[in-house]
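Please look over the sequence and the structure first.

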Amino acid sequence: MRFEVWAPQADRMTLHCEGAVSALERDPQRAGWWTGEADARDGTRYGFAVDDGPVLPDPRSRRQPDGPDGLSAVVDPERYAWRAEWPGRPLPGAVLYELHVGTYTPEGTLDAAAGRLGHLVELGITHVELMPLCPFPGRHGWGYEGVSLWAVHEPYGGPEALKRFVDRAHELGLGVVLDVVHNHLGPSGNYLPAFGPYFTDTHHTPWGSAVNLDAPGSDEVRGYLVGSALAWLRDYRLDGLRLDAVHALKDTRACHFLEELSTAVDGLAAELDRPLFLVAESDLNDPRLVTPRKEGGLGLHAQWNDDFHHSLHTALTGEAQGYYADFGRAPVAALAKTLTSGFFHDGTYSSFRGRHHGRRLDRTRMSAHRLLGYSQTHDQIGNRAQGDRLSASLSPGLLACAAALVLTSPFTPMLFMGEEWAAGTPWQFFTDHTDPELAEAVRRGRRREFAAHGWAEEDVPDPQDPATRDRSCLDWSEPASGAENGLHARVLDWYRDLIALRHSQRDLSDPDLAAVKVAHDEGARWIAFRRGDVQVAVNLGKDSAAIPLGIRNARVLAAWEPVDRPGADGLLHLPGESCVVLAQA
């Protein structure tokens, strides 16, 4: 078997394979690359030593059976026999479901999660978005401190388990999206700097030195990241990737890394003859990110829209601290703006940033499916001190309103696991660092962060306590409890009804932002919007509201509380903390 590694600053490279040591040779065709051959098969352990230093895992390792600090293992990509014939499933018309493998089930494995995919099919989900799977220290964590960007976390089941998960999802008609982290690697188990200039001090990020995208040696670093992305899509038959915090990818080159990545992914989609897509997390509010390359954009296919979340969250909860401040001044108006314009901050002043922020998108040209809309995500729940979901503080009616606004919006909707039945479990920040000093630093840092906001130390869960992870696991007895637990069953039925409407009513999948018409009353706390022949009315206030819809012949498609259709005067009388979806008769 042929082995190769990029180590441009090394004078000597050796391959350590099943106890045998052999010197690698410089590749005369590729500067900085070393190659060699050794007897190996699937499962063979190996590593590289730089200049007779310690044996380190392969930067392109496909498997780390003993964790990030152990030797790599050879993976035979042809070993798994795929069952499902899969033509792919594109992003337009999708309903996504963000899922964390380690807490979706108590077992915390890909195989256990695959056993629960039938629930998502019944719900009407089209794509599962898996949180990061790359290896990280310990057993449990969010996954954003991963290393070995080509490998699958072994406690989740390793590479074979991911293939089984994807295969099962595809058999059920579900697409699979993976969250990948290119902007940093975790602080423990990251051996890339020993091999070459993967990081640069030219730029700095919240995690320290930036990934090297534009300094000397960056051609190979970019190739490393692009190669990793293509491997996930090709070798594991994934349908898309979510790109974590792309605003932290510091790149001054004329061709931005994201443009290079989107070009490569579109090329792979053409080669495989199935749709592939990239979804960015970005706080830039820059429509060029999701504008096609032929129109001068970077060519990503969609991005998370935090502005929609922030306006919805402030309207639901009344919270107005920190980055919610600008949205909280008139939250219903902010919600109305995002429903028709995409971004709230589109060149407006951001008091949180102390400057103007964002750029207006062209509503007549930008398809709304390129923006993801949601009321809850792993960040927006887990980065709260106690990881409390909306279900911990909102009435059932307001939870129903949140679902209606997400699932009938012009955006591609995304749910966070468990919200569909108003899960009673929190989703907290948890880690399993094996380095005692790092573990203590994370623990102190978390408590110090929230102490500044008035939280007592004892009220902030210890990330390293196994109980913190255990509390965050979904309780599957809740949705299974049926009629004897009215809240969970009723909310789950409501989500199913709304998703079914989104799939059956063509107007609800129309991505034309310019066609969305909105009316609202800030004082009375209601908002209504029209999408073709479908009208949605939401009353966030406690009192009944008379909403002038201006239609007389309408039929109720779905309603949280019993409601009469508008009368001859065109007024809809909607109970407090309730919502309704209507269609013109």
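The model is a predicted one. In a regular strand, side chains alternate between the two faces of the sheet.

**Burial**
- Strand 20 covers residues 412–416 and is mostly covered.
- Five of its five residues are buried, which means under 20% relative accessible area for each.

**Pairing**
- Strand 9, residues 96–99, runs parallel to strand 20.
- Three bridges join strand 9 to strand 20.
- Across from F416 in strand 20 stands E98.
- Strand 19, residues 371–373, also runs parallel to strand 20.
- Two bridges join strand 19 to strand 20.
- Here L372 stands opposite T412 of strand 20.

**Second largest pocket**
- The second largest pocket holds about 470 Å³ of space.
- Its lining consists of 19 residues.
- Y46, D58, R60, R62 and V75 are the lining residues that lie nearest the centre of the pocket.
- Which strand gives the largest share of the lining of the second largest pocket? Strand 1 does, with three residues.
- Strand 1 (2–6) and strand 6 (45–50) each supply at least two lining residues.
- By class, the lining of this pocket divides into 10 nonpolar residues, eight charged and one polar.

Notes
Residues numbered from 1 in each chain as written. Predicted model: local features only at pLDDT ≥ 70, side-chain atom pairs only at ≥ 80, totals over all residues. Heavy atoms only, no water. 1 Å grid on protein atoms, 1.4 Å probe; cavity = no way out; pocket = protein on both sides within 12 Å on 5 of 7 lines; lining within 4 Å. Points joined across faces, edges and corners; volume = space filled by probe spheres on them. Helix = DSSP H or I, 4+ residues; strand = E, 2+ residues; numbered from the N terminus. Nonpolar A, V, L, I, M, F, W, Y, C, P; charged D, E, K, R; others polar. Buried < 20%, exposed > 50% of the residue type's maximum accessible area, 1.4 Å probe, protein only. Pairing = 2+ DSSP bridges.
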